[in-house]
Amino acid sequence: MTQEEMLDVAVGEARKGLSEGGIPIGAALFSADGVLLGSGRNRRVQDDDPSVHGETDAFRAAGRQRDYRSTIMVTTLSPCWYCSGLVRQFNIGAVVIGEAQTFSGGHDWLAEHGVAVTVLEDQRCVEMMTEFIAAHPDVWLEDIGE
């Protein structure tokens, strides 16, 4: 699977979250050979649970893995500090990011600590977040802790 094909899974999750009235951030965890281990979306609004970010939802859906070093976390948006901490805590080896224009989280920090980081600047992801932030600034600011 290419990085773009992996991102398609995360974008699908983000769109699903948006259709549910949530924040359009999706993620997926893949094995090194491109097998989908788990996918998820930000469900803070839907579940009234501030800990359900896209990356944490995908991580939980993947279930227990013996070793995360060879896994790839794919997310539609640069991971916040909470999700960046998840990547570091479990030594996820690579992160593929749909976009970092609307929000630049901890991906530079992850790269400094040896995580292979790729930012695709996918226009679908940029447009989805830009439109959501314009329509729901209060929900967005709550999500990023402001």
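In this predicted model, Tyr82 counts as partly exposed because its relative accessibility is 39%, which falls between the limits of 20% for buried and 50% for exposed. Tyr82 belongs to helix H4. Leaving out residues up to four places away in sequence, Tyr82 touches Ser51, His53, Thr56 and Arg60. The C-alpha atoms of Tyr82 and Thr56 are separated by 9.0 Å, although the two residues stand 26 places apart along the chain.

**Helix H3**

Helix H3 is largely enclosed by the rest of the structure, because seven of its nine residues are buried. The buried residues are Gly54, Glu55, Thr56, Asp57, Ala58, Phe59 and Ala62. Their cover includes S1, strand S2 (36-41), strand S3 (72-77) and H4. Just after H3, Gly63 adopts a positive phi of about 75 degrees.

**Nonpolar cores**

The largest nonpolar core comprises 14 residues, and those with the most contacts inside it are Leu29, Phe59, Met73, Val87, Ile92 and Val95. At least two residues of this core come from each of strand S1 (26-30), H3, helix H4 (81-89) and strand S4 (94-99). H3 gives the most, namely three residues. Apart from this core lies another, of 13 residues, with Val11, Ala14, Val96 and Met128 among them.

| Core | Number of residues | Residues, among them |
|---|---|---|
| Largest nonpolar core | 14 residues | Leu29, Phe59, Met73, Val87, Ile92, Val95 |
| Another core | 13 residues | Val11, Ala14, Val96, Met128 |

Met73 illustrates how the chain is brought together around one side of the largest core's membership list. Neighbours within four places in sequence aside, Met73 is in contact with Ala27, Ala28, Leu29, Glu55, Phe59, Leu86, Ile92, Ala94, Val95 and Val96.

**The largest pocket**

The largest pocket has a volume of about 150 Å³. Its lining consists of 13 residues, and His53, Cys80, Phe103, Asp143 and Ile144 lie nearest its centre. Helix H3 (54-62) and helix H7 (137-143) are the elements that give two or more residues to this lining. By class, seven of the lining residues are nonpolar, four are polar and two are charged. His53, one of the residues nearest the pocket centre, is also touched by Tyr82.

**Annotated region**

An unreviewed UniProt entry carries the annotation "domain: CMP/dCMP-type deaminase" for residues 1-117. In the model, the end C-alpha atoms of residues 1-117 lie 17 Å apart, and the span is 38% helix and 21% strand.

How values were computed. Residues numbered from 1 in each chain as written. Predicted model: local features only at pLDDT ≥ 70, side-chain atom pairs only at ≥ 80, totals over all residues. Heavy atoms only, no water. 1 Å grid on protein atoms, 1.4 Å probe; cavity = no way out; pocket = protein on both sides within 12 Å on 5 of 7 lines; lining within 4 Å. Points joined across faces, edges and corners; volume = space filled by probe spheres on them. Helix = DSSP H or I, 4+ residues; strand = E, 2+ residues; numbered from the N terminus. Nonpolar A, V, L, I, M, F, W, Y, C, P; charged D, E, K, R; others polar. UniProt positions renumbered as here; feature names shortened; annotations may be inferred. Core = buried A, V, L, I, M, F, W, Y, C linked by side-chain atoms within 4.5 Å. Buried < 20%, exposed > 50% of the residue type's maximum accessible area, 1.4 Å probe, protein only. Contact = heavy atoms within 4.5 Å.
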